[in-house]
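Please read the following report with the sequence and the model side by side.

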Amino acid sequence: MSLLHISSFNASASRVSLPRASSSSSMKTHQQHNPISLFSSTTTQNRPFSFSTRTGDKRRLLCRPPKGKYVREDYLVKKKTAAEIQELVRGERNVPLIIDFYATWCGPCILMAQELEMLAVEYESNAMIIKVDTDDEYEFARDMQVRGLPTLFFISPDPSKNAIRTEGLIPLQMMRDIINNEM
């Protein structure tokens, strides 16, 4: 199937499924013949549509930029360096170690941070959860073969068990299952 054929199929499918405007008969006629007009660059008032946030010469912020690194002093999940993590992994532990590789600019990482904070409250002293900023610890993340964010490593206190690695946003219940059943 060629690209041209796919495009014409999508256009005809859009014509059937998109609602028609009832403001004027000329608009109806135009939409019947050209379904792409719904996505044109003019609004209903015939003013140009723009994604710009400029109003005159002043710029208007849509939202405030984030402050900090999404890791505060009062959070239970602490940010660690590569050297500190290597000490924790080599040392003896009696609880599982969960390492979260994240970046401050990563949206799913921010969502995962909230879930990990809830998990840290739930498991208190039964699991140790720590974070690694991949921008600060680039070489360590590369050595650990972190390709996507967020990446979690679940390391059992039993040295005979292999570490479990997850990539991407995973549900809280899946993390609970890994800690309860696999560690």
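F153 is buried, with a relative accessible area of 8%, where buried stands for under 20% relative accessible area, exposed for over 50% and partly exposed for what lies in between, computed with a 1.4 Å probe on protein chains only. The model is a predicted one, in which local features need pLDDT of at least 70 and side-chain atom pairs count only at pLDDT 80 or more, while totals for chains, interfaces and linings use all residues. Residues are numbered from 1 along each chain as its sequence is written, and side-chain values use heavy atoms, with hydrogens and water left out.

**Aromatic rings**

The structure holds two aromatic pairs; rings of Phe, Tyr and Trp (for Trp, its six-membered ring) count as a pair if their centres lie within 6.5 Å, and the pair is called stacked when the planes are under 30 degrees apart, edge-to-face when they are over 60 degrees apart, and tilted for the rest. One of these pairs is formed by F101 and F140, which are tilted, with 5.6 Å from centre to centre and 40 degrees between the planes. This pair links distant parts of the chain, since F101 belongs to strand β4 (residues 97-102) and F140 to helix α5 (residues 138-143), 39 residues apart. Helices (H or I, at least four residues) and strands (E, at least two) are DSSP runs, numbered from the N terminus. F101 is buried, at a relative accessible area of 0%, and F140 is also buried, at 10%.

F101 and F153 form an edge-to-face pair, with 5.6 Å between the centres and 75 degrees between the planes. Because F101 lies in strand β4 and F153 in strand β6 (residues 151-155), this pair ties together parts that are 52 residues apart in sequence. Taken together, F101, F140 and F153 form one aromatic cluster.

**Salt bridges**

Side chains of opposite charge can pair when their charged atoms come close. A salt bridge is counted here when a side-chain nitrogen of Lys or Arg is within 4 Å of a carboxyl oxygen of Asp or Glu, and by this rule the count comes to six salt bridges.

| Salt bridge | N to O distance |
|---|---|
| K79 and D133 | 4.0 Å |
| D136 and K79 | 2.7 Å |
| D100 and K131 | 2.6 Å |

K79 is partly exposed at 34% relative accessibility, whereas D133 is buried at 1%. D136 counts as partly exposed, at 44% relative accessibility.

In the bridge between D100 and K131, strand β4 holds D100 and strand β5 holds K131, so that parts of the chain 31 residues apart are linked. D100 counts as buried at 0% relative accessibility, and K131 counts as buried at 4%. Salt bridges that share partners join K79, D133 and D136 into one network.

**The surroundings of D100 and K131**

Which residues are in contact with D100, leaving aside its neighbours within four places in sequence? With contact taken as heavy atoms within 4.5 Å, they are L116, I130, K131, V132, P150, T151 and L152. The side chain of D100 also makes a polar contact with the side chain of K131, at 2.6 Å; a polar contact is a pair of N or O atoms within 3.5 Å, where within protein one must be able to donate a hydrogen and the other to accept it, and where residues adjacent in sequence count only if both atoms are side-chain atoms.

The charged end of K131 sits over the ring of Y102, 4.4 Å from the ring's centre, a term that applies if NZ of Lys or CZ of Arg is within 6 Å of the ring centre and within 35 degrees of the ring normal.

**Y75**

Y75 has its place in the loop between β2 (58-59) and β3 (78-79), and at 28% relative accessibility Y75 counts as partly exposed. Y75 and E117 are 42 residues apart in sequence and 7.2 Å apart in space, C-alpha to C-alpha.
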